[in-house]
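Have your viewer ready and try each task before reading on.

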Amino acid sequence: MQDHCAPTNQLAQGTEYEIIAISALLSKGYNVTVIDYIGGGTEGTMSYLNRLDQGHAVLDAARASTGGAINFVVADSPVGIWGYSQGGGAVASAGELHAEYAPEVNLYGVFAGAVPANLQSVINTIDGTSYNGFALMGFAGLGDSLGIDMGQYLSPEGLNIIDQVRNETCTFDAISRFGNIRDTSVWTSSGLKLKELSSQDATLSAALQENSLGQEGPHPSVPVLIASSITDDVIPHRSNRQLAASYCRAGSQVSFYAGTTPTHAGGSLGTMPAGLIFMDQVFRGMKTSYDCALVGA
């Protein structure tokens with residue numbers, strides 16, 4: 001969430017770990033645009049996990065890319081959007097918002113990996129684990145972007161920690177700094193763990209629900225591949241299957257990939273080949289798989 005974590009800065013420094021996916025796409029001949037998100041490298045707190053902000057940022061980047069920012073790319077050039085983890089949520093949101101927000105973008109397909117579709121489920125999974133920092137990032141990003149005063153919920157230690165999250169923390173810092181706390185109640189004024197606080201407080205619970213994906217309303221109108229590892233230790237595989245099922249019920253063309261590469265980080269690499277095949281299919285106008293029966297829809 002700190003400004004120096006933004007891909008714009010990390011690519012310049014040679015520290016951007018997403019270079020693996022970027023390089024894979026470039027090697028296939030795609031032009032690639034990478035976004036920083038709102039508040040990433042710019043004024044204010046990154047609106048981490050804010051469904052509308054992240055979806056709009058993806059579609060605005062597509063608009064810029066087809067509006068003269070890249071040589072030989074024109075207004076009606078085909079666009080694919082790709083994301084994993086936070087990025088998976090951002091591109092799934094963009095798929096939902098595309099028809100209304102940016103119909104002029106010639107969107108061909110959406111690859112959404114390890115989607116944080118149900119935010120409460122994610123917090124339940126990571127609370128008290130090595131990934132505590134991601135929950136804190138969610139509290140900071142959603143709290144600040146939605147105008148929720150987190151001071152009413154956090155202990156003095158919690159307030160100090162969340163300030164560190166806003167101003168000092170990149171992805172790996174979040175794991176190394178805050179992953180040794182097994183009882184997150186030390187960070188709350190109520191003595192509740194983070195997962196208990198977020199589920200029991202009406203304001204926080206509503207914020208998580210409103211920023212989850214696959215709810216009633218808009219759904220992707222182009223082919224979408226949802227991919228996740230069955231051993232993901234951050235974002236429950238079941239929630240990705242449920243997202244796929246909800247899109248199926250809404251009428252989307254859904255492909256689903258269940259990987260077996262261990263852990264959340266490993267899943268990023270394990271799902272990448274399926275994503276590359278999917279993008280090749282949609283850009284070539286080929287029929288993609290229809291896996292709604294697989295996800296129980």
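**Exercise 1: the disulfides**

A disulfide joins Cys248 to Cys292, with an S to S distance of 2.0 Å; the term stands for a pair of cysteine sulfur atoms within 2.5 Å. Before we go on, note that this is a predicted model, in which local features need pLDDT of at least 70 and side-chain atom pairs count only at pLDDT 80 or more, while totals for chains, interfaces and linings use all residues. Residues are numbered from 1 along each chain as its sequence is written, and side-chain values use heavy atoms, leaving out hydrogens and water.

Task: describe the handedness of the link between Cys248 and Cys292, and where its two ends sit.

Solution, step by step:

- The angle about the S-S bond is -90°, and the link of Cys248 and Cys292 is left-handed.
- This pair links distant parts of the chain, 44 residues apart: Cys248 belongs to helix α11 (residues 237-250) and Cys292 to the segment after α13 (272-283). Helices here are DSSP runs (H or I, at least four residues), numbered from the N terminus.
- Cys248 has a relative accessible area of 9% and is buried; Cys292 is buried too, at 3%. The cut-offs are under 20% for buried, over 50% for exposed and partly exposed in between, with a 1.4 Å probe and protein chains only.

**Exercise 2: the whole set**

Task: how many disulfides does a search of the whole structure find, and what pattern do they follow?

Solution, step by step:

- The search of the whole structure gives 2 disulfides.
- Cys5 and Cys170 form a disulfide with sulfur atoms 1.9 Å apart. Here Cys5 lies in the segment before α1 (7-13) and Cys170 in the loop between α7 (156-168) and α8 (171-178), so the pair, 165 residues apart, links distant parts of the chain.
- With bonded cysteines counted along the chain, the pattern is 1-2, 3-4.

**Exercise 3: the core**

Task: find which residues have the most contacts inside the largest nonpolar core.

Solution, step by step:

- The largest core holds 69 residues, and Ile81, Val110, Phe134, Phe139 and Tyr247 have the most contacts inside it. A nonpolar core is a set of buried Ala, Val, Leu, Ile, Met, Phe, Trp, Tyr and Cys residues joined through side-chain atoms within 4.5 Å.
- Helix α6 (residues 132-146) gives the most to this core, with 7 residues.
- Beyond its neighbours within four places in sequence, Phe134 is in contact (heavy atoms within 4.5 Å) with Tyr48, Ile126, Thr171, Ala174, Ile175 and Val234.
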